[in-house]
Amino acid sequence: MTTTSAPPVKPNARVRVQRFGTFLSGMIMPNIAAFIAWGFITAFFIPTGWTPNDQLVALVDPMILYLLPLLIANTGGRMIYGTRGGVVASIATMGVIVGTTIPMFIGAMVMGPLAAWLMKKVDGLWAGKIRAGFEMLVDNFSAGILGFLLAIAGFFGMAPVVTLLSEALGAGARFLTETGLLPLASLVIEPGKVLFLNNAINQGVLTPLGIEQASETGKSILFLLEANAGPGLGLLLAFTFFGVGIARASAPGAIIIQFLGGIHEIYFPYVLMKPLLIVAMIGGGMTGIATNLLLDGGLRAPASPGSIFAILLQTASDSYVSVILSVILSATVTFLIASVILRSSRKRDLEALENKGDAFTSAVDQNSANKGRESDVSRLLGTDAAAAGATTDVRIQNIVFACDAGMGSSAMGATVLRKKLKDAGVEGVTVTNKAIANLDADADLVITHQDLTPRAEQAAPGAVHVSVDNFMSSPTYDDVVQRVRAQQAQ
């Protein structure tokens, strides 16, 4: 547990990609409910839906062409420059939407933040220089004029460029699909998930392309490339039967969280402690994609979180067999490969358990090259957490769990710590969860996964930062509870 008083370290390439993915996720995730609503409207009311309706089907096109892109643009604009940025972002994005005939999700994710950033810069030109009484006049007209100009620029400039980009990405996806090469996407997706790069992959590419494809055909296989719950299930089942120590004991509970709750981050530590298991994840992912490719399976809308319930609710009416089979087969393949890997190293794992401590907290193999260092999960803490309690000058009243989207693993961790504080009789301390991009100076203590801590330190440099390897069962939480109790006793 450490405070960060040193100058911030320049982020490496992986951190930059994570940050970019977090920003994209920040635009998409708050609006997932709208995507789900559109998916249900499509499932029920289109001519091939469950209950076709000639009147209500009129909701489908306006929602995907106007409502969803504008929601994304407004959210992105607010992330950059609050309400004012959201308004200008929506105006500018309208020009991009009208300037093309395809759903303009990529355009919204580009034009929305760009417009808000320009509005912020324009306001900065005359900040503090406006005569008293003229502020509202200047603010309203400057936003209106900039929105007017950006809408025209979006219509004539951005719309054609984004259309070409969307068509190029769509052509690439169609090529991979038609040639049967789409399963190879797992070579990028599965390692990317474990390294917390999944938001950049999913929200930046797969979701926009999937929605465009779904608007044309009623479903898309792209929604299942990253969200398939099968590989994670297979991995955790392998640990349930063939793991050792805490990894084996915690795997059944992790299955409930991952498969039913849809929080895939829960299985990342299991892969990181034995990087060779990424082969099992890739094999399972490729199997699931190949199954849906062969049987023409797909979802109507994004399944978020990646729970089996969300997947089934968004499954197209003609795809239940293929989608369910893809989950079962991908879980089976991952389980078989992971079982071979775990059983082949079981002797070494048991020796490590006896000589070095629990296998879940002590890496048996050297960590993957993508992680860049030997795994040090023996303490289930980050490298800086060894200094827990070293600083006592910060009084802890506001604890924030932070992850990429602020809705998955951070919510789980916050729930666990909140219960621990309640059981310990600690009052007057708030425990919340946020996206890393939304961290601010109000946080006294920030808890993140060890791979995300560098970004959290940059977002909230004045807070105490704690790294954990497993949001659900870290002994760090007991240290936090003890520290808060000690402070309150003073």
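**Figure 1. Aromatic pairs.** Ring pairs link Phe-44, Phe-45 and Trp-50 into a cluster. Rings of Phe, Tyr and Trp (for Trp, the six-membered ring) are paired if their centres lie within 6.5 Å; planes under 30 degrees apart count as stacked, over 60 as edge-to-face and the rest as tilted. The model is predicted, so local features need pLDDT of at least 70 and side-chain atom pairs count only at pLDDT 80 or more, whereas totals for chains, interfaces and linings use all residues. Residues are numbered from 1 along each chain as its sequence is written, and side-chain values use heavy atoms, with hydrogens and water left out. A search of the whole structure finds ten aromatic pairs. In the pair of Phe-35 and Phe-105, the ring centres are 5.8 Å apart and the planes stand at 35°, so this pair is tilted. Phe-35 lies in helix 2 (residues 32-45) and Phe-105 in helix 4, so the pair ties together parts that are 70 residues apart in sequence. Helices here are DSSP runs (H or I, at least four residues), numbered from the N terminus. Phe-35 counts as buried at 1% relative accessibility, and Phe-105 is buried with a relative accessible area of 2%. Buried means under 20% relative accessible area, exposed over 50%, and partly exposed in between (1.4 Å probe, protein chains only).

**Figure 2. The aromatic pair of Phe-239 and Tyr-270.** The pair formed by Phe-239 and Tyr-270 is edge-to-face, with 5.0 Å from centre to centre and 65° between the planes. Phe-239 in helix 9 (residues 230-242) and Tyr-270 in helix 11 (residues 268-272) are 31 residues apart, and their pair links distant parts of the chain. Phe-239 and Tyr-270 are both buried.

**Figure 3. Nonpolar cores.** A nonpolar core is a set of buried Ala, Val, Leu, Ile, Met, Phe, Trp, Tyr and Cys residues joined through side-chain atoms within 4.5 Å. The largest such core has 63 residues, and those with the most contacts inside it are Trp-38, Ile-72, Leu-235, Phe-239, Tyr-267 and Tyr-270. Apart from neighbours within four places in sequence, Leu-235 is in contact with Tyr-267, Tyr-270, Val-271, Leu-277, Met-281, Thr-334 and Ala-338. Contact means heavy atoms within 4.5 Å. A second, separate core of 20 residues includes Phe-401, Val-429, Val-431 and Phe-471.

**Figure 4. Helix 9 and its surroundings.** Helix 9 has 13 residues and reaches 18 Å from its first C-alpha to its last, close to the 18 Å expected at 1.5 Å a residue. The expected span is 1.5 Å times one less than the number of residues. Ten of the 13 residues of helix 9 are buried, so this helix is largely enclosed by the rest of the structure. Among the buried residues are Gly-230, Pro-231, Leu-235 and Phe-239. The buried residues of helix 9 pack against helix 10 (245-260), helix 11, helix 12 (278-295) and helix 14.

Figure 5. The buried residues of helix 10 include Ala-247, Ala-251 and Phe-259, and what covers the buried residues includes helix 9, helix 11, helix 13, helix 14 and helix 16 (409-423). Helix 10 is followed by Gly-262, whose phi is positive, near 85°. Leaving aside neighbours within four places in sequence, the residues in contact with His-264 include Lys-193, Glu-226, Gln-258 and Gly-306.

**Figure 6. Salt bridges.** The structure holds six salt bridges, each being a side-chain nitrogen of Lys or Arg within 4 Å of a carboxyl oxygen of Asp or Glu. One of them joins the side chains of Asp-123 and Arg-84 (2.7 Å, N to O). Asp-123 lies in helix 4 (residues 105-125) and Arg-84 in helix 3 (residues 60-98), so the pair ties together parts that are 39 residues apart in sequence. Asp-123 counts as buried at 11% relative accessibility. Asp-318 forms a salt bridge with Lys-219, the closest N and O atoms being 3.1 Å apart. Asp-318 is exposed, with a relative accessible area of 54%, whereas Lys-219 counts as buried at 10% relative accessibility. A further salt bridge joins the side chains of Lys-434 and Asp-440 (3.3 Å, N to O). Salt bridges that share partners join Lys-219, Asp-296 and Asp-318 into one network.

Definitions and conventions: Helix = DSSP H or I, 4+ residues; strand = E, 2+ residues; numbered from the N terminus.
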